[in-house]
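Here are my notes on this model, as numbered points. Have the viewer open while you go through them.

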Amino acid sequence: MDALDALVRRLPTVERSRVAALLRREDRLASALGWVLMQDLTAGRGAPLRRGPDGRPRTDPPLDVSMSHSGGWVAAALSAAGRVGIDLETVRPVSPSLVRRCLSPPELSWVDEVPAGPAWHHRFFRLWTAKEAFLKATGAGLGQDPRTVGVDCSGAAPALLGELAGSWTLTSTSPARDVLVTVCTERPA
Ligand SMILES: CC(C)(COP(=O)(O)OP(=O)(O)OC[C@H]1O[C@@H](n2cnc3c(N)ncnc32)[C@H](O)[C@@H]1OP(=O)(O)O)[C@@H](O)C(=O)NCCC(=O)NCCS
């Protein structure tokens, strides 16, 4: 049995059908692995894993899960104290027009402090993973304009700006060169 078959056998029926409908094998593999990781993280905690109508994986609060996949990497996060969102991105060239649609003017200025090239893309994805981790934690996803989520990545750790700052914590890591992961966790009230 190959790796994909082994993962698919561990999925609930509805997730098997969803994965089977994905066109590319690498997407089927990443999606199935992500679900199995979240299944394993929540196992034995009495909070069944399911998918909400918005596509967001869900358990029973205060337990929460999230997952992300990109470029052959898969990451999953679990929180036992409130909502969580995770975003993983491989740093790669993106068009300046896309960057302008995603970043606020102060964020753009920070990215433009470095010359065009790898460092510029690296700064963009530091901001982007932070924004998307937050949007995945709330479940809004890209249905919300990412420019409405203000982020500061100029310090040692990323931070949300404005009234969001007091309620959420951002943590970023780089498990390999040009792979960025940010986790956004809700602070207990
Ligand atoms: C959720 C979303 C932010 C994912 O972005 P992405 O960078 O393509 O993908 P990631 O690898 O980081 O995350 C994908 C995983 O997030 C999870 N997810 C899906 N919808 C989600 C949501 N609303 N909130 C949180 N997580 C979500 C899923 O587990 C998904 O993987 P799976 O489909 O293989 O199970 C994005 O697809 C989205 O916003 N979708 C809903 C709204 C939409 O499609 N808007 C398009 C208008 S531009």
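1. Some ground rules to begin with. Two strands pair if DSSP finds at least two bridges between them; helices (H or I, at least four residues) and strands (E, at least two) are DSSP runs, numbered from the N terminus. This is a predicted model, where local features need pLDDT of at least 70 and side-chain atom pairs count only at pLDDT 80 or more, while totals for chains, interfaces and linings use all residues. Residues are numbered from 1 along each chain as its sequence is written, and side-chain values use heavy atoms, with hydrogens and water left out.

2. On to the sheet. It is open, with three strands in the order S5-S9-S8 and antiparallel pairing. On average, neighbouring strands are turned by 15 degrees against each other, direction ignored (axes are lines fitted to C-alpha atoms, for helices over the stretch in contact, and angles run from 0 to 180 degrees between N-to-C directions).

3. S8 and strand S9 (residues 179-186) are joined by seven bridges in the antiparallel sense. Look for Thr171, which stands opposite Val183 in S9. H6 packs on this sheet and touches S5, S8 and S9, its direction making about 150 degrees with that of S5; contact here means heavy atoms within 4.5 Å.

4. Now the rings. There are three aromatic pairs in the structure. In one of them, the ring centres of Phe124 and Phe125 are 5.0 Å apart with planes at 70 degrees, so the pair is edge-to-face. The rule: rings of Phe, Tyr and Trp (its six-membered ring) pair if their centres lie within 6.5 Å, and planes under 30 degrees apart count as stacked, over 60 as edge-to-face and the rest as tilted. Phe124 counts as buried at 2% relative accessibility, and Phe125 does at 1%. Buried means under 20% relative accessible area, exposed over 50%, partly exposed in between (1.4 Å probe, protein chains only).

5. Which parts does the pair of Phe134 and Trp168 tie together? Phe134 lies in helix H6 (residues 118-138) and Trp168 in strand S8 (residues 168-176), so the link joins parts 34 residues apart in sequence. Phe134 and Trp168 are both buried.

6. Last, the ligand. An N or O atom in the side chain of Lys136 is 2.7 Å from a ligand oxygen atom, and a polar side-chain atom of Ser68 lies 2.9 Å from an oxygen atom of the ligand.

How values were computed
A polar contact is a pair of N or O atoms within 3.5 Å; within protein, one must be able to donate a hydrogen and the other to accept it, and residues adjacent in sequence count only if both atoms are side-chain atoms.
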